[in-house]
Amino acid sequence: MIPVNAFTLGAEEEQMLLECIKTNWISSEGPFVKEFEDAFAALHGRKFGIAVANGTAALDIALRTLALKPTDEVILPTFTIISPASAILHTGAKMVLVDVCPDTWNMAVENLEAALTPNTKAIVPVHIYGLPVNMQPLMDFADKHNLWVVEDAAEMIGQTAYSKPCGSFGDLSTFSFYPNKHITTGEGGMILTDNEELAKKCAYYRNLCFNPSGRRFVHEEIGWNYRMTNLQAALGLAQLGKLRQNVARKREIGALYHHLLHIDHAAQLPLKQTAYAQNIYWVFGIVLKEQAPYSAENLALKLLEKGIQTRPFFWCLHEQPVFRKMGLFEGQKFPNAENIARNGLYLPSGLGTTNAQIAYVAQTLNELLA
Ligand SMILES: *Cc1c(COP(=O)(O)O)cnc(C)c1O
C-alpha cells in the first residue's frame, strides 16, 4: 500500500531526542521550547513565537486573544479544515464565509467586499494545499477597514507570497507541525506575532491563565493547557534544519506528477504558480471534471484496489452537518468550493513518498482516466 503521507526522521532528530533524555528535560519547561520558538520566529522575520500543542490549539489561542463579542463577525473561506471554524466558534463570534478561486482553491479576495459589514472585526485567510492566499490585496483590505488578520499558515511552512514568508502577514499567524506538514514535531503548533501584548496573551491562554505576576493557582480567567513539550521542540529544531530540502523535495514531487500525469481531459491539476508564489505542494490535489469516467469517491476506491491511498478534499463549512444542526449558513451556496469539495482528492505526496511510487500512481491514474 502506498500511503497518502509518508515521512522520514533521521540521525538529527534521534540526537536531539537523546539530548532530552540525557538531560531529563522532557516537559514544556525544557530549554528547546524557547529555542524553537525563537528560531521559528526569526525564520519568518517575526518578534515572538509561542509554541503550542497543535495547529488547532494555535488557532484557538490566536482567536481568543482578539476578545471578540458575539455580535462581531469573522470572515473565512468555506473551503478549509474545520480548525479555524471551531476556533472562531469558541470565541462566540459569528462566521461569515466566502467562496474560493476555482484555480488556486484559496479564498477569493475579491469576495471580501461583499462579506464586509459594520460588525466585521477579523479575517482568517487559510492557505490551501501549497499555494497561498493572495495576501497583498487581502492585507490592503484589512488595513483599509481596520480588521485583524489571523493567518492560518499550517500548510505553508517555507512558502512565500510576494517574496515575503507566509506566516509573516497576520497580526497573528498560526502553524501546525503534524507529520504531514513541511516540518513535523509529531503533534505541535506555533503562533507568530510582532505584537508583544498579543504574545503575552497567547502565553497566558496556553498555560491555564496562570497569572504571571499574581499568586500562583489564583486565576482571573479560564485557559487551556496547550503547552508544547521539550521532546516536540527537540524534533522541531532538528526538522528546521531540513525545511529548505523538504520544500525542494515537495516541489520535485509536484513537478514529477505534472510531468507524468496525462489526465487534463478528465481532471484539473494544481497550478504550478501564481503571480505571487510558486506551488510547494503541501499535497498534490486533483479535481475531476464532469467528463471524467469516475466520481472522486469511486476513483479513490479504484486506486485503493491498486494499492494507492488517497484523501478526499476538505468539506465546505456551509455544508458541515455540525453547523447545519446549529442553524448556521442556511441556504448559502458557494459553487466553486462545492465543486472542489465534491470532485477533489489528493494523491500520495509525502516527503517519504518515492519517485517509483509516484510513477506508479501516475501510470495507474493515466490508465484509469484514459
Ligand atoms: C493541519 C492544519 C490545521 C490543524 O493542525 P493540527 O496540528 O492537526 O491541529 C489547521 N489548519 C490547516 C490549514 C491545516 O492544514
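User: Happy to start in the sheet: in β9, which residue is the bridge partner of Ser173?
Analyst: Keep in mind that this is a predicted model. Strand β8 is joined to β9 (residues 189-193) by five bridges, and the two run antiparallel. Within that pairing, the partner of Ser173 in β9 is Leu192.

User: Thanks! And which residue stands opposite Ser173 on the β5 side?
Analyst: Strand β5 (residues 148-152) runs parallel to β8, with three bridges joining them. The residue standing opposite Ser173 there is Glu151.

User: Is strand β8 largely enclosed or open, and how many of its residues are buried?
Analyst: In a regular strand, side chains alternate between the two faces of the sheet. In β8, Leu172, Thr174 and Ser176 point one way while Ser173 and Phe175 point the other, and all are buried. The strand is therefore largely enclosed by the rest of the structure, the number of its residues that are buried being five of the five.

User: What is the distance from Asp152 to the nearest side chain of opposite charge?
Analyst: Asp152 belongs to strand β5. Leaving out residues up to four places away in sequence, Asp152 touches Leu59, Pro84, Pro125, Val126, His127 and Thr174. Asp152 is buried and has no salt bridge, since a salt bridge needs the charged atoms within 4 Å. The nearest side chain of opposite charge is Lys181, at 7.0 Å.

User: Now to the surface: what is the accessible area of the nonpolar patch that includes Ile82?
Analyst: Ile82 sits in the loop between β2 (73-77) and α4 (83-91). Its relative accessible area is 34%, so Ile82 counts as partly exposed, and patch members need over 30%. Ile82 forms the patch with Ile81, Val322 and Met326, and together their accessible area is about 310 Å².

User: Is Glu110 buried or exposed, and how far apart in space are Glu110 and Leu138?
Analyst: Glu110 is in the loop between β3 (94-98) and α5 (112-115). With a relative accessible area of 61%, Glu110 is exposed, because the cut-off is over 50%. Glu110 and Leu138 are 28 residues apart in sequence, and their C-alpha to C-alpha distance is 8.7 Å.

User: Which strands stand at the edges of the open sheet of four strands?
Analyst: The order in this sheet is β10-β11-β13-β12, with antiparallel pairing. Two of the strands each have a single partner strand, so one side of each is left without a neighbour in the sheet; these edge strands are β10 (267-268) and β12 (311-312).

Conventions: Residues are numbered from 1 along each chain as its sequence is written. This is a predicted model: local features need pLDDT of at least 70, side-chain atom pairs count only at pLDDT 80 or more; totals for chains, interfaces and linings use all residues. Side-chain values use heavy atoms; hydrogens and water are left out. Buried means under 20% relative accessible area, exposed over 50%, partly exposed in between (1.4 Å probe, protein chains only). Two strands pair if DSSP finds at least two bridges between them. Lys and Arg count as positive and Asp and Glu as negative; His and the chain ends are not counted. Contact means heavy atoms within 4.5 Å. Patches are made of residues with over 30% relative accessible area and no salt bridge: like charges are joined within 9 Å, nonpolar side chains (Val, Leu, Ile, Met, Phe, Trp, Tyr) within 5 Å. Accessible areas come from the Shrake-Rupley method with a 1.4 Å probe; for residues, only the protein chains shown count as cover.
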